[in-house]
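Please walk me through this protein chain as it is displayed below.

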Amino acid sequence: MYIHVGEDVLVRARDIVAIIDKESAMSSEYAEECLERQDDSVINLAKGSYKSVVVTTEKIYFSPLASVTLKKRSHKLSVQEF
């Protein structure tokens, strides 16, 4: 199953490692350093300010969608798979 993370980008649900809200990502020195090191694999999907960070096995997406919205979408998919 796939999850829409913003700007017509679909990510395979099983490839998602973490969905982090912006405040949590920027409040952690470790997370901020990790995002800076992965600069070549970071894709900003937000036209303005992003609301969440979606970490996958291949890339890191800055999403304009809230982490709560993405969580709901992933939960709906996992319920439908059963």
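**Charges, contacts and burial**

Two salt bridges turn up when the whole structure is searched, a salt bridge being a side-chain nitrogen of Lys or Arg within 4 Å of a carboxyl oxygen of Asp or Glu. The model is a predicted one, in which local features need pLDDT of at least 70, side-chain atom pairs count only at pLDDT 80 or more, and totals for chains, interfaces and linings use all residues. Residues are numbered from 1 along each chain as its sequence is written, and side-chain values use heavy atoms, with hydrogens and water left out.

One of the salt bridges joins Glu7 to Lys47, with 3.8 Å between the closest N and O atoms. This pair links distant parts of the chain, 40 residues apart: Glu7 is in the loop between strand S1 (2-6) and strand S2 (9-12), and Lys47 is in the loop between strand S4 (42-44) and strand S5 (52-56). Helices (H or I, at least four residues) and strands (E, at least two) are DSSP runs, numbered from the N terminus. Glu7 has 42% relative accessibility and counts as partly exposed, while Lys47 is exposed at 76%. Here buried means under 20% relative accessible area, exposed means over 50%, and partly exposed lies in between (1.4 Å probe, protein chains only). The areas come from the Shrake-Rupley method with a 1.4 Å probe, and for residues only the protein chains shown count as cover.

A salt bridge also forms between Arg37 and Glu33, where the closest N and O atoms are 2.6 Å apart. Both residues belong to helix H2 and are four residues apart, about one turn of the helix. Arg37 is exposed, with a relative accessible area of 63%, and Glu33 is partly exposed at 37%.

Helix H2 (residues 29-37) also holds Glu36, which is exposed at 56% relative accessible area. Glu36 is part of a negative surface patch, together with Glu29, Glu32, Asp39 and Asp40. Patches are made of residues with over 30% relative accessible area and no salt bridge; like charges are joined within 9 Å, and nonpolar side chains (Val, Leu, Ile, Met, Phe, Trp, Tyr) within 5 Å. Lys and Arg count as positive and Asp and Glu as negative, while His and the chain ends are not counted. The place of a charge is taken as NZ of Lys, CZ of Arg, CG of Asp or CD of Glu.

What does the side chain of Ser24 contact? Ser24 sits in helix H1 (residues 22-27), and its side chain makes a polar contact of 2.8 Å with the side chain of Asp21. A polar contact is a pair of N or O atoms within 3.5 Å; within protein, one must be able to donate a hydrogen and the other to accept it, and residues adjacent in sequence count only if both atoms are side-chain atoms. Ser24 is partly exposed, with 34% relative accessibility.

In strand S5, Thr56 is buried at 11% relative accessibility. The side chain of Thr56 reaches the backbone oxygen of Lys59 at 2.7 Å. Val54 is also found in strand S5, and this residue is buried with a relative accessible area of 0%. Val54 and Val5 are 49 residues apart in sequence, yet their C-alpha atoms are 7.9 Å apart in space. Ser24 and Val5, 19 residues apart in sequence, have a C-alpha to C-alpha distance of 18 Å.
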